[in-house]
Amino acid sequence: MFNGRIFQRISVGMRIWLMIGITIFLVFVRGFVYLNDLKNTLIEERRISTQQQVQTVYGVIAEFHNLVVNGALTEPNAQAAALATIKSLRYGQEGYFWISDHNANIVVEPLKPELDGKNLRGFKDSQGNNPFAEIADLVKKSGEGFVSYWWPKSAAGASPTLKIAYVKDFKPWGWIIGTGIYVDEVDGVFWTGARHLITTTLILTIIVFFVALAIKNSIVNSVSGAIRVVERVTGGDLSEDVS
């Protein structure tokens, strides 16, 4: 059970400083919890956006497939037109779409056309992951889903960066539609928000500190004055003016 006698041994000034310290500590803890929640929220929002982008492209390919079903285009012509459309699609800073098949063959990779037609089942990224084999196995099992791997950005000589991709199977043509986000782009947005939060928290902490210091001094001075009066009265000096 809490024993209040411990605090009786601590001066009033130290009690106030303790209260200030605990308050500031809790503010920073809450800030770190908020930042963690913010990063998770940003990643989840990007994951949902990535999924929606793939669903949109899936609908585009489905329209070309319908033209084949209705006899308006031959399948090779429809596929060529669909691939030309997909190659030109972009979103955000580094957003684009690629297509592979169930055997991990690359059908189209807009930013790395030298990979078109190559089989990447044995390809491993910088961390030893086998992404295209995982993608092929994933769609065979579930039809769609998320996969993470390391992949360089479009800039020449760029180092591999963690990427979260969403893939979906277009069964009539055996195509796997994919797109992804680079996690460092989320980190950029996160740190912008983090710097703003940290700056705001520090400013508020400084304000609270000086306000609390003024209150502390006021309380301590009042208590010290009261103690001084009591001591004089106890000693028989009744000349002290007590307000």
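Predicted model: local features only at pLDDT ≥ 70, side-chain atom pairs only at ≥ 80, totals over all residues.
Trainee: Which residues make the nonpolar surface patch here?

Mentor: Leu18, Ile22, Phe25, Leu26, Val29 and Val33 make it, and the patch covers about 520 Å². Patches are built from residues with over 30% relative accessible area and no salt bridge, joining like charges within 9 Å and nonpolar side chains (Val, Leu, Ile, Met, Phe, Trp, Tyr) within 5 Å. Areas come from the Shrake-Rupley method with a 1.4 Å probe, and for residues only the protein chains shown count as cover.

Trainee: New topic: how many salt bridges does the structure hold?

Mentor: Four. A salt bridge here means a side-chain nitrogen of Lys or Arg within 4 Å of a carboxyl oxygen of Asp or Glu. One of them pairs glutamate 44 with arginine 47, with the closest N and O atoms 3.6 Å apart. These two are three residues apart in helix α2, so about one helical turn separates them. Glutamate 44 is partly exposed at 40%, and arginine 47 is partly exposed at 26%.

Trainee: And what does aspartate 137 pair with?

Mentor: Arginine 121, with the closest N and O atoms 4.0 Å apart. That pair links distant parts of the chain, 16 residues apart: aspartate 137 is in helix α4 and arginine 121 is in the loop between β2 and α4.

Trainee: Which side chains meet in a salt bridge at 3.4 Å, N to O?

Mentor: Those of glutamate 144 and lysine 168. Glutamate 144 is in strand β3 (144-152) and lysine 168 in strand β4 (160-170), so the bridge ties together parts 24 residues apart in sequence. Lysine 168 is buried at 12% relative accessible area, while glutamate 144 is partly exposed at 28%.

Trainee: What about glutamate 109: where is it found?

Mentor: In the loop between β2 (106-108) and α4 (131-142). Glutamate 109 is buried but has no salt bridge, and its nearest side chain of opposite charge, lysine 163, is 5.8 Å away. For charges, Lys and Arg are positive, Asp and Glu negative, and His and the chain ends are not counted.

Trainee: So which residues does glutamate 109 touch?

Mentor: Leaving aside residues up to four places away in sequence, glutamate 109 touches Tyr96, Trp98, Leu115, Asp116 and Trp151, where contact means heavy atoms within 4.5 Å. A polar atom of its side chain also lies 3.1 Å from the backbone nitrogen of leucine 111 and one lies 2.9 Å from that of lysine 112.

Trainee: Last one: how many helices and strands does the protein chain have?

Mentor: Five helices and five strands, in the pattern α-α-α-β-β-α-β-β-β-α along the sequence. Of the chain's 243 residues, 33% count as buried.

Conventions:
Residues numbered from 1 in each chain as written. Heavy atoms only, no water. Helix = DSSP H or I, 4+ residues; strand = E, 2+ residues; numbered from the N terminus. Buried < 20%, exposed > 50% of the residue type's maximum accessible area, 1.4 Å probe, protein only. Polar contact = N/O pair within 3.5 Å; in protein donor to acceptor, adjacent residues only side chain to side chain.
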